[in-house]
Amino acid sequence: MDGARSELGPDDQVIVDLVPMVRKVVGSRIRDPHLVDDLVQETLVRVMAAHSRVEGDTMAPYAAVTARNVVASYARRNDRARARAHLLAHGDIDSSERPGDSLLRQEDRSIVAAALARLPAAERDILVAHEVNGDDTRTLAATRDTTPGAVAAQLARIRAKMRVEYLLVKENLEPPTDRCRAVLRALSAGDRRRQRELDTGAHLLECDCCALVSAGLLDRWSASSSDDEMRVPVARDADVVTARQTGRQVAARLGFSPTDSTLIATAISEIARNIVKFAERGEIVISHVSTGGSDGISIVARDVGPGIPALEQAMRDGYSTYRGLGLGLPGARRLMDEFDVVTEVGKGTTVSMTKWHSARRRPGDNEN
Amino acid sequence: MPSPELPGTSEPLRVSILTQGQFLIVSIHTALDDTQMTRLQEDLIEQVGRQRSRGIIVDVSTLDVLDSFATRTLTQLAHVARLRGAETVVVGISPEVAIAMVQLSLQMSFVHTALDLEEGLQRLGELTGALDEAAFLGTRSRG
Ligand SMILES: [Zn+2]
């Protein structure tokens, strides 16, 4: 760079000031430090070449775009970016993709190609334009007569779709139902609202294909979902202990008192045991809930199993639980603030319960 | 003396059972699942018969919850033990666990409770008429 710097005019400080930012843009996409140096220099050379044509206060964004394009063209030269399209980071589209990040095995490339081929042409084009050619959302928006925000949202949806298709190709699976792809895309996108609408949890329990594929999708989200949502599969005795201990940890983290945490853990123990005793398999999802200024913990237990034929009786027979006749449902209900059971004979049961922070109990609620 | 493994398990011991004279003192080291709870119950019933114990103390202070199953298991243990001539005292129920048990309307029939091990031993002594200090030291022979 010394030679290049000597050619700079009085504005060279502007370029020097750009170095840390350019290094950051490149460094976030490339791991190899020597390669980072090379690409930073290549970027700066291009920025300097364009210096006279670019306004001073647009130098920084121009340099950032150039840096991304340099990285992208490097990746294209190495024919790697295409293979990695499905793995590119979700979320912050403009800062977190890493086209030249790492090497990929040959077989993976053919899977990616097959998955890409399953996307509609328009979606494939925009994905490739962004991920492979390095076109930014503003450029893509301009040529499509839309806004960068809309393009970003569309790219996120396409990526979510792409991950699903990639995993389906990889596992050589054809989804057995019409709902499967919608469910998998909602999971892939991390779209909680859509997941609730589709009741994805229930679908995963009864659909082996989606259960398998979702393992690959949920891995991606474990880091972001573990803070306020925990899932515990329940099939055997030991899982009951895991579920209630997980519940206690989440409750404590959400600020529940030791007493309330114990009540929550006990309620989880009761309903998790029902799954082990009466159902084939199930899961317990523990999450933070917040509505209208009140704050609490939500426990949802779902299972695939025979369902509860006499629900009213099962709920009423509270005092028989310790004699071994009850289902633990009435007991769990007494420990929580809200309690709801939906059961379908021959299909399964979903128990949803909530405990609110007592300090922030919802107005009008009675403690009993 | 520390008990060997619970029957049917090759896992590390989650429970230790000490014999002190005519009493069995049970310490649970970690949360137990239902199978482990049942195994403990069976093992204790067997040992009460074999060792002709007059009392059992179960320290549950490390159990994370006492839910309907755990309570039922302890109740059954106490019932069977009584039929074989032994009393059962559960010690170490934490305030949180006690509150949960009350809210669940769980009762432990046949089971006596005491705050801690010391009080539990005293209670067993009263219940079995073996008030003698020596019983606690394991030096007193029966009869
Ligand atoms: Zn499916």
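Buried here means under 20% relative accessible area, with exposed over 50% and partly exposed in between (1.4 Å probe, protein chains only). The model is predicted: local features need pLDDT of at least 70, side-chain atom pairs count only at pLDDT 80 or more, and totals for chains, interfaces and linings use all residues. Residues are numbered from 1 along each chain as its sequence is written, and chains are lettered from A in the order in which they are written.

**Stop 1: chain B as a whole**

Select chain B. Of its 143 residues, 52% are buried. Chain B has five helices and five strands, where helices (H or I, at least four residues) and strands (E, at least two) are DSSP runs numbered from the N terminus. Along the sequence they follow the pattern β-β-α-β-α-β-α-β-α-α. Among contacts (heavy atoms within 4.5 Å) with a separation of 6 or more, 67% in chain B join residues 24 or more positions apart.

**Stop 2: β3 of chain B**

Select residues 55-59 of chain B, strand β3; five of its five residues are buried. B:G55, B:I57 and B:D59 are on one side, B:I56 and B:V58 on the other.

**Stop 3**

Move to chain A and show the open, antiparallel sheet of five strands in the order β1-β2-β3-β5-β4. Its edge strands, β1 (229-234) and β4 (338-344), each pair on one side only. Inside the sheet, select β3 (residues 294-304) and β5 (residues 348-356) of chain A, which pair over nine bridges. A:G296 has A:W356 as its bridge partner in β5(A).

Next, select residues 237-253 of chain A, helix α15, which lies across β1, β2 (281-291) and β3 of chain A and runs at about 170° to β1(A). Axes are lines fitted to C-alpha atoms, for helices over the stretch in contact, and angles run from 0 to 180 degrees between N-to-C directions.

**Stop 4: the largest pocket**

Which residues are the closest to the centre of the largest pocket? Select A:R196, A:E229, A:S287, A:V300 and A:R302, from a lining of 17 residues. A pocket is an open set of points on a 1 Å grid over the protein atoms alone, with protein on both sides within 12 Å along at least five of seven lines; lining residues have an atom within 4 Å of a point. β2(A) gives the most to this lining, with four residues.

Note on methods: Side-chain values use heavy atoms; hydrogens and water are left out. Two strands pair if DSSP finds at least two bridges between them. On a 1 Å grid over the protein atoms alone, a cavity is a set of points where a 1.4 Å probe fits but cannot get out, and a pocket is an open set with protein on both sides within 12 Å along at least five of seven lines; lining residues have an atom within 4 Å of a point.
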